[in-house]
Amino acid sequence: NNKTIVLAVETSCDETAAAVIQNGNEILSNIVASQIESHKRFGGVVPEIASRHHVEEITIVIEEAMQQANVSFDDLTAIAVTEGPGLVGALLVGVNAAKALAFAHGIPLVGVHHIAGHIYANRLLTEMKFPLISLVVSGGHTEIVLMREHGSFEVIGETRDDAAGEAYDKVARTLNLPYPGGPHIDRLAHEGEPTIDLPRAWLEEGTYDFSFSGLKSAVINTLHNAEQRGEAIEPADMAASFQQSVIDVLVAKTVKAAEEYQVKQVLLAGGVAANKGLRRELEKAFASFEEMELIIPPLSLCTDNAAMIGAAGTVLYQKGKRSNYAMNANPGLDI
Ligand code: KG4
Ligand code: ZN
């Protein structure tokens with residue numbers, strides 16, 4: 001048969017995930033086993049705990065993905081797996097599982113960059129039109145990526161310190177919100193007003209780079225100073241103000257890059273793409289650009305999953321990429 005059927009595996013952080021993708025954009029199955037409950041009490045992902053959970057879950061999750069898709073290993077065109085970036089001990093579990101299955105069944109193996117996966121989540125919704133830019137905002141990444149064709153990625157701007165999601169998680173912690181903090185700040189922000197004056201790091205003229213550590217420090221200092229003066233700051237107002245600062249910069253730089261590169265599409269990607277405020281403001285900003293299409297994946301495809309790795313892996317496979325059995329996990333992999 002001439003269908004392209006790819007089994008995809010993703011274990012870069014704290015989700016053990018497997019999916020089966022047909023012809024690059026049809027989700028036959030998409031299984032995610034989240035470990036959030038195990039890491040919550042530590043206020044962040046504990047790498048060794050993550051690795052151990054992946055080892056326990058990986059075979060079960062892959063079996064479930066194959067069963068739900070109703071395919072056998074003989075049906076598979078390729079096996080795609082996240083090779084980096086991420087936590088090395090976590091990545092190794094997925095890489096080894098994928099290698100073992102590829103070897104046992106004689107199936108081509110394709111290593112996928114995690115961020116390429118986040119971007120290709122969008123192809124599960126609609127065909128990509130080039131040139132495009134993608135705003136990638138996750139716990140580990142904040143980047144504007146320019147794509148002129150399938151499988152080609154140019155990073156035109158990136159964070160110089162904290163990732164947007166990291167800033168969300170750190171600010172959430174100072175507000176005593178549970179991990180991961182992004183969704184909690186998002187919810188709280190809608191109950192408050194952005195009345196607190198916080199900085200926006202535009203950086204030097206013309207750059208698409210970002211910086212969020214100053215904003216995070218400003219939040220901490222403002223809360224600390226208020227406490228010293230015996231004043232109360234409404235957490236919802238702080239959440240709203242912080243969120244507004246992040247969104248203002250993300251949206252303005254994305255609009256500027258979209259105009260400069262005359263793109264046909266703007267794709268939102270990564271866990272922070274689940275943010276309601278960011279989604280709304282991007283929609284508002286791009287409403288007037290009729291020639292540009294703004295694509296925003298549903299929440300379940302924004303946070304870590306294997307369907308996105310399957311979508312990216314299919315394109316890489318079709319472009320001829322093959323990984324050998326010496327493929328290693330690469331925590332610092334460049335896109
Ligand atoms: O892409 P992802 O699932 O994992 C990484 O590759 O990092 O992103 C997780 C990040 C966390 O920092 C989390 O707080 C953030 O995405 N996040 C959000 C929201 N939902 C998840 N940040 C802001 N608003 C949200 N609604
Ligand atoms: Zn991610």
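Me: Why does G182 count as buried?

Reply: A residue is called buried if 20 or more other C-beta atoms lie within 10 Å of its own, exposed if 12 or fewer, and partly exposed in between, with C-beta atoms placed from the backbone. G182 has 26 C-beta neighbours inside 10 Å, so G182 counts as buried. Do keep in mind that this is a predicted model, where local features need pLDDT of at least 70, side-chain atom pairs count only at pLDDT 80 or more, and totals for chains, interfaces and linings use all residues. Residues are numbered from 1 along each chain as its sequence is written, while chains are lettered from A and ligands numbered from 1 in the order in which they are written.

Me: Where is G182 found, and what is it in contact with?

Reply: G182 is found in helix α6; helices (H or I, at least four residues) and strands (E, at least two) are DSSP runs, numbered from the N terminus. Contact is set by C-beta atoms, placed from the backbone, that lie within 7 Å of each other. Leaving aside neighbours within four places in sequence, G182 is in contact with G165, Y168, D169, G271, V272 and N275.

Me: What makes up the shell around ligand 1?

Reply: The test for being near the ligand is a C-beta atom, placed from the backbone, within 6 Å of it. There are 19 residues around ligand 1, and the closest are S138, G139, G165, G182 and G271. Helices α5 (164-174) and α6 (182-189) each supply at least two residues of this shell.

Me: How many residues of each class does that shell have?

Reply: Ala, Val, Leu, Ile, Met, Phe, Trp, Tyr, Cys and Pro count as nonpolar, Asp, Glu, Lys and Arg as charged, and the others, Gly among them, as polar. Sorted this way, the shell around ligand 1 has six nonpolar, 10 polar and three charged residues.

Me: Why is V137 called buried?

Reply: V137 has 30 other C-beta atoms within 10 Å, so V137 is buried. V137 sits in strand β6 (residues 132-137). The UniProt annotation "binding site" (unreviewed entry) covers V137, and among the other positions are S138, G182 and N275. UniProt positions follow the numbering used here, feature names are shortened, and annotations may be inferred rather than shown by experiment.

Me: What makes H114 and H118 buried?

Reply: H114 is buried because 26 other C-beta atoms lie within 10 Å, and H118 counts as buried because 31 C-beta neighbours lie inside 10 Å. H114 is found in helix α4, and H118 lies in helix α4.

Definitions and conventions: Contact = placed C-beta atoms within 7 Å.
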